[in-house]
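Could you walk me through this model in the viewer, one selection at a time? I would like to know what to pick next and what is there.

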Amino acid sequence: MVSVNESYAALEAINGAATPAEVVLIFTTYCTNIGFRTVNIGQLSASRDPDAKKLQFSNMPKDYIQHRIAQNTSLHDPTLIMARQTMLPFTWDKAYAHADRMGRNIIDECRSYTESDGLFFPIHSHDFISGFISLGANHIPDDPQMISLLGFAASAAYMRLNELMGPYPRETEINLSARERDVIYAASQGLTNKEAARLLKIAPDTVKQYMSSAQRKLGASDRAMAVARAISKGQLPY
């Protein structure tokens, strides 16, 4: 475990780091000294352009990272979904408790590759793309002050990486109406337009209108793509 003075020293070093590699080294060393073995840093809403710059780092096994990319698990990862809806840190266990079956499978798979639990820090700001830092450990520190200091260090590391590696292109914010979210959520549960209309007590044609409007906002060509993009943007409940 590290002391308060060591935590402040790490914060100072992160803010004074001259390169992204230096930021990552300082932060991962600090986390390792606390007891965390895996570190994941990324963006919650990066550009969909595969050639666009992205802020990302992970020291998890390469085969696991490649598997996540191949399976596109980020769309259904309950930690990422929860991070888009809160500014407070939370444990993997908490995200697991709120997840559906697919989300729980994603966390179970992660645990099979790495640690049994972890802490997730959402990082939101008007100045840069929202991001996260996820830390894996077999035992989460139960000291509130240490968690608070770790949160400061996580925010500092993410912001310093943005300063050194940015700027990153922002996507236009998507604001679905309550009814548009309702019909997208119904589609995500496998309901037809008629079934959604019956559930929402509106006409099937009205469901179609809301779906078309939602697809335009999400830049989706069909229902499946609209559901996937709504999930990735944190527009659906979990």
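Select strand E1 (residues 38–43) and look at both of its faces: Thr 38, Asn 40 and Gly 42 on one side are buried, and so are Val 39, Ile 41 and Gln 43 on the other. That puts six of the six residues in E1 in the buried class, where buried means under 20% relative accessible area, exposed over 50% and partly exposed in between, with a 1.4 Å probe and protein chains only. Strands here are DSSP runs (E, at least two residues), helices are H or I runs of at least four, and both are numbered from the N terminus.

A note before moving on: this is a predicted model, in which local features need pLDDT of at least 70 and side-chain atom pairs count only at pLDDT 80 or more, while totals for chains, interfaces and linings use all residues. Residues are numbered from 1 along each chain as its sequence is written, and side-chain values use heavy atoms, with hydrogens and water left out.

Two strands pair if DSSP finds at least two bridges between them.

Now show E4 (residues 117–123) with E5 (residues 131–137); seven bridges join these antiparallel strands. Pick Pro 122 and you will find its bridge partner, Phe 132, in E5.

Zoom out to the whole sheet. Five strands form an open sheet in the order E2-E1-E5-E4-E3, with antiparallel pairing. E2 (57–58) and E3 (90–91) stand at the edges with a single partner strand each, so one side of each is left without a neighbour in the sheet.

Your next stop is Thr 79, in helix H4 (residues 78–83). Thr 79 is buried, at 7% relative accessible area. Leaving aside neighbours within four places in sequence, Thr 79 is in contact (heavy atoms within 4.5 Å) with Phe 90, Trp 92, Ala 95, Ile 107 and Phe 120.

Finish with helices H1 (residues 4–16) and H7 (residues 144–165), whose axes come within 9 Å and cross at roughly 10°. That makes H1 roughly parallel to H7, a label for angles under 35 degrees. Among the residues that meet are Leu 11 and Ile 14 in H1 and Leu 149 and Phe 152 in H7.

How values were computed:
Axes are lines fitted to C-alpha atoms, for helices over the stretch in contact, and angles run from 0 to 180 degrees between N-to-C directions. Angles under 35 degrees count as roughly parallel, over 145 as roughly antiparallel, 65 to 115 as roughly perpendicular and the rest as oblique.
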